[in-house]
Amino acid sequence: MFSKLNSIAFTALFFVFFWTGYGRTAQVMINALDLNPGGKDSGKEWVELYNAAEIDMDLSGWTLETTHGYKVIYKIPEGVIICAGEYWVYTHDRQWLDNIDEMVILRDAQGCLLYTSPSPRDLSTSRMPSSA
């Protein structure tokens with residue numbers, strides 16, 4: 001009985017993480033961001049995503065969301081692909097990231113939370129060497 005339950009649990013986890021793609025989408029993360037670039041912020045603030053998966057990922061319909069002050073939700077357009085091991089950078093056309101206590105949330109096309117950035121204060125932050 002116990003081994004049958006283990007088998008069912010493993011099959012369920014396999015389905016959730018691999019068949020649905022969740023295990024792969026969770027490997028796309030916010031790698032770096034710049035809350036307060038030199039000079040005027042408008043049009044210079046950016047968020048960089050990194051695809052740690054071994055396959056290309058379709059970001060169509062995914063969102064980047066701000067959490068502080070005036071909240072912005074940016075929906076990534078159809079056809080945006082991030083290749084395996086590569087970076088994708090989004091720069092908003094206006095000021096969209098507050099310089100203090102701001103976090104950026106990455107969600108997939110179904111609205112599932114994939115990643116939340118740390119909350120740096122008045123600076124850039126990054127997880128690993130970036131393309132920026």
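**A buried glutamate and its partner**

Modeller: Glu-65 is buried, with a relative accessible area of 14%. Buried means under 20% relative accessible area, exposed over 50%, and partly exposed in between (1.4 Å probe, protein chains only). This is a predicted model, where local features need pLDDT of at least 70 and side-chain atom pairs count only at pLDDT 80 or more, while totals for chains, interfaces and linings use all residues. Residues are numbered from 1 along each chain as its sequence is written, and side-chain values use heavy atoms, leaving out hydrogens and water.

Biologist: Which side chain meets that of Glu-65 in a salt bridge?
Modeller: In general, side chains of opposite charge can pair when their charged atoms come close. We call it a salt bridge if a side-chain nitrogen of Lys or Arg is within 4 Å of a carboxyl oxygen of Asp or Glu. Here the partner of Glu-65 is Arg-107, at 2.9 Å, N to O. Glu-65 sits in strand β4 (residues 63-66) and Arg-107 in strand β8, so the pair ties together parts 42 residues apart in sequence. Strands (E, at least two residues) are DSSP runs, numbered from the N terminus. Arg-107 is partly exposed, at 24% relative accessible area.

Biologist: How many salt bridges does the structure hold?
Modeller: Two. Asp-93 also forms one with Arg-94, their closest N and O atoms being 3.9 Å apart. Asp-93 is exposed, with a relative accessible area of 55%, and Arg-94 counts as exposed at 51%.

Biologist: How do I read aromatic pairs?
Modeller: Rings of Phe, Tyr and Trp (its six-membered ring) pair if their centres lie within 6.5 Å; planes under 30 degrees apart count as stacked, over 60 as edge-to-face and the rest as tilted. The structure holds four such pairs. Tyr-74 and Tyr-90 are stacked, 3.8 Å centre to centre with 20 degrees between the planes. Trp-96 counts as buried because its relative accessibility is 1%.

Biologist: How many disulfides does a search of the whole structure find?
Modeller: A disulfide is a covalent bond between the sulfur atoms of two cysteines. The search looks for a pair of cysteine sulfur atoms within 2.5 Å, and it finds zero disulfides here. Cys-83 is partly exposed, with a relative accessible area of 35%.

How values were computed. Helices (H or I, at least four residues) and strands (E, at least two) are DSSP runs, numbered from the N terminus.
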